[in-house]
Amino acid sequence: MGFPAFLQLHNRLVFVLAVVSVGLFWIFLWSWQEDISEPQLTTIPVPVSVSATDPPTIVSESMVDPSFVNGTLCDVDSYNNGEWKYRPLDIEHLTQKTLEKAVGYTCPAHFPHKCYMRNSAKELLRAKSLVDYSWQPSSCSILSFDSEAFSKHLSKHPLLFVGDSITQLQYESLNCLIGAHLTSPSNRATVNGGDKSAKTYQRRYNKATPEDSPISMAYIRADYLIRLDDFKLIAPFEDEGDQMGIGNNFPWVHALPDFDYIVINTAAHWHPGLKWGPHRSEAELLVAFKEAMSVIFNHLKETIKPHQTVWFRSTPYGHAKCSQYTKPQTVPVAPTGQPGEYEWHMFEIFDTVWRDWIIEQDDSRFQFLNAYAANKRGETHAHPDKDCLHTCIPGPVDDWNRLLFHEIAKKTSRS
């Protein structure tokens, strides 16, 4: 006797479902075994761009993770295409100490252009207003400044600043920015070549080992970089020669072998005069400047080793009647050579001499450090209407050192 048709259909349906279920079961089991034998790895993507507001910090001896060094990072020119952004510091009770803490300063000694240290409430408030603005490149990012890592790096790759009082500003700024990790070196550590009449400044990483350099950072004052009388590079114990103003012109080239990084500059003390020609003209001055600088550059090309880097830093100009400025300028107010502006309008011409040579030389040992952004800070000068060339620290000079750090960090990632 046969089964009813509806039962036969039911049985066939049950059979098909059973077969499908068994098949799905074996497929699942096979897939599960594959997952056991070859686990899937979760990959964390490496950033391909760096935010200007939250950039990476430097790490280890190489200073940066090479994956962070890409096309989004600033070079010395793109860095200067930007604006000073108003980002007021949140300081609940403003004092000299709280201002230092807010800007990351640990300053070991007095320096005249630390405007906030003048025991004046007005100057303290002005100092705070100066650092309420920070530089923001418009189309690139800058690596985040890391004072301890930079200090440690300089313990093995020391840095020398050479130049006039504007370069001393840069040295003193960096001395404050990384001062928490520096100390005074032993007496045996000197960069004056044994010539005690040549006053120099030097600091050392406070966790340095005996294998590290006896000096991490130093400054030698040399207003012209060369003796003006005969365009000779001065050696220790030699006479500084004639000078065109108050200052010093100490020897420095003897110290170069002890430093991996060198920042040099000269401009502010060069003026027209009979020394350069009978007309006391700026044209005669420029000819003399080029001749003097060519002696220096030729010496550097012959003596700087492949592991060393020399930066010629540009010279930001002053702003006449600078008390008129109370905030950064959107467009820099360039000097025109009027009375009270000295030769500030020549600074960019002097800079171009070095910049053109460096581009033509196309040698990685020689670089141009562009401090152009400071030209938009007429309100930051040390003594408004009395000294409208030097600037207060903290201030835009700190950004020169952040750019220098950025450039060194990039170099280490390619080493």
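What follows is a walk through some helices, strands and loops of this predicted model. Residues are numbered from 1 along each chain as its sequence is written, and side-chain values use heavy atoms, with hydrogens and water left out. Because the model is predicted, local features need pLDDT of at least 70 and side-chain atom pairs count only at pLDDT 80 or more, while totals for chains, interfaces and linings use all residues.

Let's start with a pair of helices. Helices here are DSSP runs of H or I with at least four residues, and strands are runs of E with at least two, numbered from the N terminus. Helix α2 covers residues 96–103 and helix α3 covers residues 121–131; their axes come within 11 Å and cross at roughly 10°. (Axes are lines fitted to C-alpha atoms, for helices over the stretch in contact, and angles run from 0 to 180 degrees between N-to-C directions.) The two helices, α2 and α3, are therefore roughly parallel to each other; that label is for angles under 35 degrees, with over 145 counting as roughly antiparallel, 65 to 115 as roughly perpendicular and the rest as oblique. On the α2 side, Q96, L99 and V103 make the contact, and on the α3 side L124, A127, K128 and V131 do, where contact means heavy atoms within 4.5 Å. An α-helix has 3.6 residues a turn, so residues three or four places apart point the same way.

Next, look at the strands β7 and β8. β7 (residues 261–264) and β8 (residues 309–313) run parallel, joined by 4 bridges; two strands pair if DSSP finds at least two bridges between them. If you want a place to start, find Y261, which stands opposite T309 in β8. In β8, 5 of the 5 residues are buried, so the strand is largely enclosed by the rest of the structure. Buried means under 20% relative accessible area, exposed over 50%, and partly exposed in between, with a 1.4 Å probe and protein chains only. T309, W311 and R313 point one way from β8, V310 and F312 point the other way, and all are buried.

Further along comes a hairpin. Strand β10 (residues 381–383) runs antiparallel to β11, with 2 bridges between them, and H383 stands opposite D387 in β11. There are 3 residues between the strands of this hairpin, and D385 takes a positive phi near 70°. As for β11 (residues 387–391), 5 of its 5 residues are buried, so this strand too is largely enclosed by the rest of the structure.

Keep going into the loop between β11 and α8, and you reach P394. A cis peptide bond, with omega about 0°, joins I393 and P394. Helix α8 itself (residues 396–413) has 18 residues and reaches 26 Å from its first C-alpha to its last, close to the 26 Å expected at 1.5 Å a residue; the expected span is 1.5 Å times one less than the number of residues. α8 is mostly covered, with 16 of its 18 residues buried.

Now for a few loop residues. Most residues other than glycine have a negative phi, and most peptide bonds are trans. F231, in the loop between β6 (217–221) and β7, has a positive phi near 50° and is buried, with a relative accessible area of 13%. K321 also has a positive phi near 50°, but at 65% relative accessibility K321 counts as exposed; look for K321 in the loop between β8 and α7 (347–361).

Finally, D195 sits in the loop between β4 (182–183) and β5 (200–205) and counts as buried at 7% relative accessibility. D195 and P236 are 41 residues apart in sequence, yet 5.6 Å apart in space, C-alpha to C-alpha.
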